[in-house]
Amino acid sequence: MSSLFIKKKGNTKPDKKAESGAGTKRKAPANGEGKGRTKKMTSRLNEEISSDSEPESPAVEKKARVQEDEEIEETAQEKKLRLAKLYLEQLKEEEEEKAEVEDFEKDLIAGRLQEDVLEQRGKLQRFVAKDYQPPDIADIRLLRGHQLPITCLVISPDDKQVFSAAKDCSIIKWDVETGKKLHTIPGGRKGTEDRHVGHTAHILCMAISSDGKYLATGDRNKLIMIWEAAPCKHLYTFTGHRDAVSGLSFRKGTHQLYSASHDRSIKVWNVDENAYVETLFGHQDVITGLDSLSRERCVTTGGRDRTVRVWKIAEESQLVFNGHEGSIDCIQLINEEHMVTGADDGSIAVWSVGKKKPLVTVKQAHGCHGDGGLEQPYWISSVAALQNSDTLASGSNNSKVQLWKCGEGFRNLKPLFSIPLTGFVNSLKFSNSGNFLVAGVGQEHRLGRWWRIKEAKNGLYIIPLKKQNSEQDVTNGK
């Protein structure tokens, strides 16, 4: 029985488990070869299982493909919709930006029109004084070319050139950026009037037209000379005053010229036609200063008659203002309704054409000089105003130029800072941009030889005005 059982067992196929476990013992594989085979078998088994898990039905596969096609078709529609939305949003943004630009331009135009209206009414006041800072002394440039004290100066409308005149009867055209002379009209000796093209006596005043075409100069010989500003070519000479010509101004936007004289009269000229128009009388003493803007009117100071007058040319009438205690020597319009004056009593006053008395007066604006008990205020020899703003400047012979800040409505005046300059500051002018101030300085006062400051230098000082970055405020003057 046992042998039969053994034979039958030998004919029977061996079981896999028995073969792998209870069969004949084999030599163990080296270096984990058995483990590697186990991993391969496990991996193959996993592949078979995943293969068996896939759907084998063709209907199921077809349904899945239809679903995928539908998903692809919906994505294309969504893409078109998304692109359409993006395009609409882009159009909307462009329209909004365009509307913003248009609104900004409208605001700019409205603001500019409002400023123009306020300027015409004489009520525009830009608050810019708070932005100015004292300049560095090293940045101030001195331009020398005149042999005698500077008496007057003007700046071209584009701020690129300065014209200056002096007691040496010469006129010099300067380049502001380089500081070089562009042209010199030399002065002539007394008695050479017939053959000399130019002045042969002290030049006291000058003016330039608002388009920069004409330059006018006046001297102690009662003459007004008209020049073509660009080439400095002499065009014609106006005669008619019976004493020294002390003030000149072109009406803004025109070639109408106003002149003032020590003969106490105001004359009106048409430069385009080389013609005299009319004469106005009223002052009781020599006229020392004159200014005008775009209205058909001018303002003058009457020296020791202590009056400021507003001349309405068309109406042939005048307004008289009183306030200073001494001789009023200089005047400048701030806007059409307000002006600043300086006198030899050391005071500076700001006026409105609607009031007979000053809105504000600063006495001893530049201090006093002299021994105790005999102190005298420094004369105010020049004033300047940055047009339609709250910034003023004044000059004397106390070795400094003083800048001032006007309050709202021009009802108060406060010192900003001072700039050291030795000599008589005979003329002051702000550039149209407000970026610099030009001072004409001499060893003597422009109207006489009462004192002499030997250490002073006759020349032009270009003073840069540094600004802080801040928004510009505009308000109505009152």
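What share of the contacts in the protein with a separation of 6 or more comes from residues 24 or more positions apart? In this predicted model, such residues account for 50% of those contacts. The protein has 478 residues, of which 46% count as buried, and its secondary structure consists of 4 helices and 34 strands.

**Annotated spans**

The UniProt record, an unreviewed entry, lists a "coiled-coil region" at residues 77-107. In the model this span is 100% helix and 0% strand, and its end C-alpha atoms are separated by 44 Å. For residues 196-228, the model shows 52% strand and 0% helix, with 17 Å between the end C-alpha atoms.

**Nonpolar cores**

The largest nonpolar core contains 20 residues, and those touching the most other members are Val401, Leu403, Leu428, Leu437, Ala439 and Ile463. At least two residues of this core come from each of strand S28 (400-406), strand S29 (413-420), strand S30 (424-430), strand S31 (436-442) and strand S32 (459-464). When residues up to four places away in sequence are not counted, Leu428 touches Ser382, Val383, Ala384, Ala393, Ser394, Gly395, Val401, Leu437, Val438 and Ala439. A second, separate core has 17 residues, including Val340, Val360, Ile380 and Trp404.

Across the whole structure, the search finds 1 cavity of 30 Å³ or more. The largest cavity holds about 50 Å³ of space. Its lining is formed by Ser292, Leu293, Arg297, Cys298, Val299, Val310, Leu333, Glu336 and Val353. By class, the lining comprises 6 nonpolar, 1 polar and 2 charged residues. Strand S17 (residues 297-301) makes the greatest contribution to this lining, with 3 residues.

Asp159 is located in the loop between strand S4 (150-155) and strand S5 (161-166). The loop between S5 and strand S6 (171-175) contains Cys169.

Gln376 belongs to strand S25 (residues 376-377). Its relative accessibility is 47%, and therefore Gln376 counts as partly exposed, a class that lies between under 20% and over 50%. Leaving out residues up to four places away in sequence, Gln376 touches Cys368 and His369. The C-alpha atoms of Gln376 and Gln364 are 9.0 Å apart in space, while the two residues are 12 residues apart in sequence.

Terms used: Residues numbered from 1 in each chain as written. Predicted model: local features only at pLDDT ≥ 70, side-chain atom pairs only at ≥ 80, totals over all residues. Heavy atoms only, no water. 1 Å grid on protein atoms, 1.4 Å probe; cavity = no way out; pocket = protein on both sides within 12 Å on 5 of 7 lines; lining within 4 Å. Points joined across faces, edges and corners; volume = space filled by probe spheres on them. Nonpolar A, V, L, I, M, F, W, Y, C, P; charged D, E, K, R; others polar. Core = buried A, V, L, I, M, F, W, Y, C linked by side-chain atoms within 4.5 Å. Buried < 20%, exposed > 50% of the residue type's maximum accessible area, 1.4 Å probe, protein only. Contact = heavy atoms within 4.5 Å. UniProt positions renumbered as here; feature names shortened; annotations may be inferred.
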